[in-house]
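Welcome! Please take a moment to look over the sequence and the 3D structure before reading on.

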Amino acid sequence: MKQKIAIIGAGNLGQAIASGLMNSGLIQPKQLTLSRRHLSKIKNFEDKGVFITQNNIEAVQNSDIIILSVKPYKFEEVIQQISPYLNPDKILVSVVTGIDLKNIINHIPQKLSVFRAMPNTAIAIGESMTCISSAQPDDPNILLITKIFDQLGKTALIDDELMDAATVLAASGIAYALRYIRASMQAGVEIGFQADLAQLIAAQTVKGASDLILKSNHHPEKEIDKVTTPLGITITGLNQMEFNGFSSSVIKGVLESYNKILNIKDDKE
Ligand SMILES: NC(=O)c1ccc[n+]([C@@H]2O[C@H](COP(=O)([O-])OP(=O)(O)OC[C@H]3O[C@@H](n4cnc5c(N)ncnc54)[C@H](OP(=O)(O)O)[C@@H]3O)[C@@H](O)[C@H]2O)c1
């Protein structure tokens with residue numbers, strides 16, 4: 001692609017996006033500007049030919065697409081600083097958690113393409129699930145922004161109202177899935193494996209289960225039916241997990257996280 005990209009707030013997520021975009025070959029290092037206050041922490045990007053700066057305004061002026069990746073409590077300060085330089089030729093993408101499109105647009109004097117993206121930490125290995133929302137449903141730049149995040153995993157275009165739900169299901173979802181892997185490992189050790197081997201077996205098994213669904217598009221239960229022989233071993237264990245509240249525990253946990261996000265927003269309003 002020919003556009004230049006600035007990532008303002010090049011911390012964990014910002015750097016993961018930068019690395020992913022360069023590794024995918026979608027952009028060359030010289031098309032990328034990274035900004036943060038502690039430049040020494042992104043010196044490795046400068047060594048690769050990326051422009052790094054402490055000056056957010058310079059980053060905006062240098063670029064066509066601006067990815068805002070600061071912590072939520074920094075959003076107000078940074079958007080006020082850069083908004084006078086956001087003209088209609090620029091595209092703004094915010095990955096800041098909990099700040100909705102309406103709020104972002106309220107800070108921008110000019111009309112321009114504005115998007116929100118909610119990736120998860122697997123973006124660091126190009127395996128993110130990234131939900132994207134657009135301020136205008138017919139924005140011609142939707143394809144371009146989707147293409148950027150497609151380099152970093154899978155994408156889904158959603159209504160901005162669903163962004164909190166996406167935060168829970170995809171961003172927090174990584175932690176839920178990891179906790180399943182950990183529990184599996186703990187059980188694996190108890191039935192005879194060394195911890196590192198139990199980790200490999202548990203993690204690769206979850207990866208395989210995911211790929212089965214992603215590649216076939218089958219409902220999980222269809223794949224479960226293939227493993228659960230009548231009177232068999234798997235169904236015995238599975239039913240025991242359900243007697244102990246496996247599915248309802250996951251559902252309750254997701255709802256609790258979702259309620260928490262809504263409560264935090266209510267407190268702020
Ligand atoms: N990590 C995830 O998986 C994930 C997923 C979805 C969304 N998010 C959201 O993405 C955002 C970034 O998360 P993160 O984990 O990458 O946080 P982070 O590591 O703290 O990165 C934010 C960076 O912003 C920089 N910064 C602070 N003030 C600045 C300013 N005035 N101008 C320019 N840069 C400034 C900080 O660096 P200096 O101190 O050097 O300035 C910091 O490295 C958050 O809003 C988070 O909620 C994260």
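**The whole chain**

This is a predicted model, in which local features need pLDDT of at least 70 and side-chain atom pairs count only at pLDDT 80 or more, while totals for chains, interfaces and linings use all residues. Residues are numbered from 1 along each chain as its sequence is written, and side-chain values use heavy atoms, with hydrogens and water left out.

The chain has 269 residues, and 38% of them are buried. Here, buried means under 20% relative accessible area, exposed means over 50%, and partly exposed is in between, using a 1.4 Å probe and protein chains only. The secondary structure comes to eleven helices and eight strands. Helices (H or I, at least four residues) and strands (E, at least two) are DSSP runs, numbered from the N terminus. Along its principal axes, the C-alpha trace spans about 70 × 45 × 30 Å.

**Around the ligand**

How many residues surround the ligand? There are 21, and the closest are Leu-13, Arg-36, His-38, Val-70 and Thr-97. A residue is near a molecule if one of its heavy atoms lies within 4 Å of it.

By class, this shell has eight nonpolar, eight polar and five charged residues. Ala, Val, Leu, Ile, Met, Phe, Trp, Tyr, Cys and Pro count as nonpolar, Asp, Glu, Lys and Arg as charged, and the others, Gly among them, as polar.

Which helix gives the most to the shell? That is α4, with four residues. Both α1 (12-24) and α4 (72-82) supply at least two shell residues each.

| Residue | Protein atom | Ligand atom | Distance |
|---|---|---|---|
| Leu-13 | polar backbone atom | oxygen | 2.7 Å |
| Arg-37 | backbone N or O atom | oxygen | 2.8 Å |
| Glu-77 | side-chain N or O atom | nitrogen | 3.5 Å |

On its own the ligand has 890 Å² of accessible area, and the protein covers 86% of this. Accessible areas come from the Shrake-Rupley method with a 1.4 Å probe; for residues, only the protein chains shown count as cover.

**Buried residues**

Let us turn to some single residues. Ser-113 is in strand β6 (residues 113-118). Why does Ser-113 count as buried? Its relative accessibility is 9%, and buried means under 20%. The side chain of Ser-113 also makes a polar contact of 2.8 Å with the side chain of Asn-141.

Leu-152 sits in the loop between α6 (142-150) and β8 (153-157). With a relative accessible area of 0%, Leu-152 is buried. From Leu-152 to Ile-235 there are 83 residues in sequence and 36 Å in space, C-alpha to C-alpha.

Ile-261, in helix α11 (residues 246-268), counts as buried at 17% relative accessibility. Ile-261 and Ile-67 are 194 residues apart in sequence, and their C-alpha atoms are 23 Å apart in space.

**Partly exposed residues**

Met-129 belongs to strand β7 (residues 128-134) and is partly exposed, with a relative accessible area of 30%. Its C-alpha atom is separated by 9.7 Å from that of Ile-174, 45 residues apart along the chain.

Gln-199 is part of helix α8. Is Gln-199 buried or partly exposed? Its relative accessible area is 44%, so Gln-199 is partly exposed. The C-alpha atoms of Gln-199 and Arg-182 are separated by 7.6 Å, and the two residues are 17 residues apart along the chain.

**Positive phi in two loops**

Most residues other than glycine have a negative phi. Asn-217 has a positive phi, near 65 degrees, and is not a glycine. Asn-217 lies in the loop between α8 (195-216) and α9 (220-227) and is exposed, with a relative accessible area of 69%.

Leu-231 is not a glycine either, and its phi is positive at about 65 degrees. The loop between α9 and α10 (233-243) holds Leu-231, which counts as exposed at 89% relative accessibility.

How values were computed: A polar contact is a pair of N or O atoms within 3.5 Å; within protein, one must be able to donate a hydrogen and the other to accept it, and residues adjacent in sequence count only if both atoms are side-chain atoms.
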